[in-house]
Amino acid sequence: MGEFSTADHRYMARAIQLAKRGLYTTDPNPRVGCVIVRFDSDGDARIVGEGYHVRAGEPHAEIHALQAAGNAAQGATAYVTLEPCSHTGRTGPCAVALTKAGVRRVVIAMQDPNPQVSGGGIAHLASAGIDVQVGLLEADARALNPGFISRMVRRRPFVRLKMAMSLDGRTAMGSGESQWITGPQARTQVQRLRARSSAILSGVESLIMDDSRLTLRADQLALGNADDITQRQPLRVILDSRLRLPLAAACLREPGRTLIITTDQHSEEKRHRLAQAGAEIHVLPAEGGRIALADMLRWLADNEQVNELLVETGATLAGALLEAGLVDEMQLFVAPTLLGGEARPLFSLPGMTQMADQKRLTILESRTVGNDWWIIAAPHAD
């Protein structure tokens, strides 16, 4: 990493700001922003082109910025939040486009973790005589794409566990009644968590109890481009080892895909009926009679290109994921209400009998949302 000027920081910050505009729409591609700047001989600078990646299959951020800059890109500096691609996918390689445009310098926030790209774009630019610098505001750039990075580096999604609870740590009454613990502002934030996710994961017990639709709803997103965002419904993933999902489940009638992951290889009639009702079914090998959670996550990453996985489920699956060390982040919505000792707990974590067994969390952020508290936490690294 070389020395970066104040101007470099300013324009990379702008590129990161642009990339955030694709927060809900780029999946499964990363969120990327680009700013092209001309520096005059007297030291003055002006932005001549900006762009961000909007959605998969459409031009990348660099292409939008180059089109806006036109001939002014010649001799300019490009600020890009992620290493320009050097391979041809659904769109042409951005490293080649930057070279052809005649840019003099390219400042890159972070190297691409994608093995198809990693280092290739940088090498192409450098071989063309372009001054390349990497590492400016890298932490901010990485924060844009936790799921994409996780899928490329760990071959599993970034797992975000969302739970709503009362002040005494309960999620529903003993009967299963749970609507609504939190208020409308908290539910809007949940919709936005869904919107940025590749997929939503739930266990069959939760769906039998709540009959949740697991969908994006434009009226609850409270965003100006909500109708555009809801054109892409996250993949709905249901863990159902014994194929107990009712054929009348609401999620089977919603737009988008519903994928049931099961260990049941024998109930051909039930599988056929669920498929007729709108479900896709994938069988994974059992581990102790249950779906192997780590294998399930790897399958979703490799076969469904799931970057960010939002888990909305009950105590059993939530506890199993936490116990297996597969939760990256927890989004906890806490309502100022009490449901009592007979209500359902947040997690099922059997075998915890001593203080030494407790699972500590690191609080990343906390704020009020409406009349509720919103806590973002991560399992404490031992």
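**Exercise 1. Describe the aromatic pair that Tyr79 forms with Tyr11.**

Start with Tyr79, which is buried (under 20% relative accessible area, 1.4 Å probe, protein chains only), at a relative accessible area of 0%. This is a predicted model, in which local features need pLDDT of at least 70, side-chain atom pairs count only at pLDDT 80 or more, and totals for chains, interfaces and linings use all residues. Residues are numbered from 1 along each chain as its sequence is written, and side-chain values use heavy atoms, with hydrogens and water left out.

Next, take Tyr11: this residue is buried too, at 8%.

Now the geometry. Rings of Phe, Tyr and Trp (its six-membered ring) pair if their centres lie within 6.5 Å; planes under 30 degrees apart are stacked, over 60 edge-to-face, and the rest tilted. Tyr11 and Tyr79 are tilted, at 5.7 Å centre to centre and 40° between the planes. Finally, locate them: Tyr11 is in helix H1 (residues 6-19) and Tyr79 in strand E3 (residues 77-80), 68 residues apart. Helices (H or I, at least four residues) and strands (E, at least two) are DSSP runs, numbered from the N terminus.

**Exercise 2. Which kind of pair do Phe333 and Trp374 form, and where do they lie?**

First, the geometry: the pair is stacked, with 5.4 Å centre to centre and 15° between the planes. Second, the location: Phe333 belongs to strand E15 (residues 329-335) and Trp374 to strand E18 (residues 372-379), so the pair ties together parts 41 residues apart in sequence. Third, burial: Phe333 is buried at 1%, and Trp374 is buried at 9%.

How values were computed. Buried means under 20% relative accessible area, exposed over 50%, partly exposed in between (1.4 Å probe, protein chains only).
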